[in-house]
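Please examine the sequence and the model shown below. The paragraphs that follow lead from a sheet to the helices around it and then to individual residues in loops.

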Amino acid sequence: MELIRKLSDVEASFAYMHALLKGNTQVTTWMSIDAPLGAAELDDAVRRWARRLPLLRARIEERDGSLWFAAGPGPGPEQLRHGPVPAGHSPEDLLAEELNDVLPTGGALWRLRAATDEQAGVTHLYFTRNHAISDGHSTGGTLRVLLEELFGAPGNAAPEPFSRNGDELTYTAPAPAAEGLRPLPDAPGPVPGIPFAVRAPWEERGTAFVPADLSSAGSEAVKLYCRRRGLTVNQFFATALAESFALATGRDEVEFFTAVSLRRRYAEEESLADLGCFISVARAPLRLGGGSFKEHAEAYRDGFRAADAAWRPQARPHHEIRAAVAAAAAAGSAPGICITNVGPVDASLGAHAGRVTGFRTVVNRTGANYGLVLHLSTFRGAFGLALSYGTPSVDPSVAEGTAKLLRERLALAAGAASGEDPRPRRPYGSVTIPATQGLRPVPAAAGRGRAARGTAPRTRPGAAG
């Protein structure tokens with residue numbers, strides 16, 4: 001196959017994690033459409049979709065110790081699945097199945113599953129891909145083109161340009177954006193990692209998630225809460241996650257990771273295509289001293305801004321990236337927790353967004369990167385949240401307890417939107433979470449994550465991807 005370009009440091013990191021960690025970082029997006037789509041209709045649209053987006057025809061090849069995108073064939077039969085919604089399955093059950101059905105290394109970089117509910121008049125689409133080809137922004141743009149091919153006037157639109165290699169662009173770091181900002185220490189300090197509950201073979205690991213969506217009214221109340229306290233939405237949810245995790249685990253400090261888009265960070269005048277992967281992760285320790293929620297949010301803000309301003313892209317040889325991923329695969333703990341926010345998805349879906357009735361993205365995190373990840377998006381004005389975790393690496397009671405406390409924190413904020421900010425009700429570092437009621441984690445697919453063959457944690461934590 002003809003080589004297109006070398007993978008960037010970010011892309012190669014995701015590609016090696018997918019290969020060595022058995023699907024870690026694989027991404028699945030669920031999008032519900034208000035029409036029952038037939039198999040032939042969908043097949044034709046998908047072929048036009050792949051012609052318009054060259055990245056959907058790409059493969060990853062290794063040449064002379066480096067990974068390259070290569071021009072591959074059009075969609076194969078294994079990349080498109082169509083059938084009815086299985087009896088007794090919810091859309092989130094199917095999302096969990098797709099998330100844990102790992103794309104084979106060296107093969108196609110994406111897969112689309114369509115599950116039609118004729119009685120309800122909807123089709124659930126599940127777009128699963130290797131993280132090396134997408135980020136939160138490009139996922140919306142990619143699905144917008146599919147919607148255009150499904151519901152727009154079929155035409156002969158020119159193919160979109162292949163994504164750039166971020167290593168070849170000139171990075172411009174953001175300013176700290178705050179006078180008198182407390183500097184981030186050179187070393188984050190001895191913040192303990194999150195030991196795995198079970199060390200299972202990688203082929204037996206999977207991902208589960210707990211939905212924690214807000215209604216439109218609850219979302220508006222949280223936005224009001226943020227506006228009246230000078231907080232951004234991201235600061236609010238990051239702090240709510242950190243407080244909830246600290247209470248659930250008896251901690252008063254945690255390493256906090258924030259996913260960041262790099263799409264407006266390059267000096268080149270031309271805009272990046274709506275394809276590819278251009279993200280980083282800012283890492284900063286967060287210590288919760290029992291103060292008010294706003295005080296903790298300000299501590300998160302300062303730590304994140306300093307870490308984001310200090311971050312610089314890497315351009316490591318690919319053999320070094322592979323070695324770093326291999327070290328992460330051997331880890332017995334996760335370094336911290338993470339939040340990722342794709343923002344409002346309505347605009348990114350384009351003119352046919354009105355046909356979309358449901359939307360959620362979850363990343364497969366089998367435990368090497370983060371103990372918990374809060375996936376946040378906004379659709380039709382409402383916040384969609386999913387708390388994902390690796391199985392059996394992370395004790396489910398930790399995820400369920402964190403989700404329960406997170407929902408309580410969100411309810412407190414909605415109730416106090418126009419009043420005083422409530423202080424934490426219990427001290428950090430001394431909390432036992434009882435069995436939760438009313439939370440149903442969406443488990444990993446059957447056959448993965450069996451705890452019996454695992455071992456106790458023995459090794460040091462590895463670096464986050």
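In what order do the six strands of the open sheet lie? The order is 9-16-15-13-10-11, and the pairing is mixed. Two strands count as paired if DSSP finds at least two bridges between them. Helices (H or I, at least four residues) and strands (E, at least two) are DSSP runs, numbered from the N terminus. Strand 9 (206–211) and strand 11 (279–287) form the edges, each pairing on one side only. On average, neighbouring strands of this sheet are turned by 25° against each other, direction ignored.

This is a predicted model, in which local features need pLDDT of at least 70 and side-chain atom pairs count only at pLDDT 80 or more, whereas totals for chains, interfaces and linings use all residues. Residues are numbered from 1 along each chain as its sequence is written, and side-chain values use heavy atoms, with hydrogens and water left out.

Within the sheet, strand 15 (residues 373–379) and strand 16 (residues 382–391) pair in the antiparallel sense over seven bridges. One of these residues, His375, has Ala386 of strand 16 as its bridge partner. Helix 9 (residues 396–415) packs on the sheet and touches strand 9, strand 15 and strand 16; contact means heavy atoms within 4.5 Å. The direction of helix 9 makes about 165° with that of strand 16. Axes are lines fitted to C-alpha atoms, for helices over the stretch in contact, and angles run from 0 to 180 degrees between N-to-C directions. In the loop between strand 16 and helix 9 lies Pro392, and the peptide bond from Thr391 to Pro392 is cis, with omega near -5°.

Buried residues of helix 5 include Gly218, Ala221, Val222, Tyr225 and Cys226; buried means under 20% relative accessible area, exposed over 50%, and partly exposed in between (1.4 Å probe, protein chains only). Among the elements that cover the buried residues of helix 5 are helix 6, helix 7, strand 16 and helix 9. Just after helix 5, Gly230 takes a positive phi of about 70°.

Two of these covering elements also pack on each other: helix 6 (residues 233–249) and helix 7 (residues 293–310) meet at an angle of about 110°, with their axes 9 Å apart. Helix 6 is therefore roughly perpendicular to helix 7, a term for angles of 65 to 115 degrees.

Most residues other than glycine have a negative phi. Lys22, however, has a positive phi of about 55°; Lys22 lies in the loop between helix 1 (9–20) and strand 2 (27–33). Asp64, in the loop between strand 3 (58–63) and strand 4 (66–71), likewise has a positive phi, near 55°. Lys22 counts as partly exposed at 37% relative accessibility, whereas Asp64 is exposed, with a relative accessible area of 83%.

Terms used. Angles under 35 degrees count as roughly parallel, over 145 as roughly antiparallel, 65 to 115 as roughly perpendicular and the rest as oblique.
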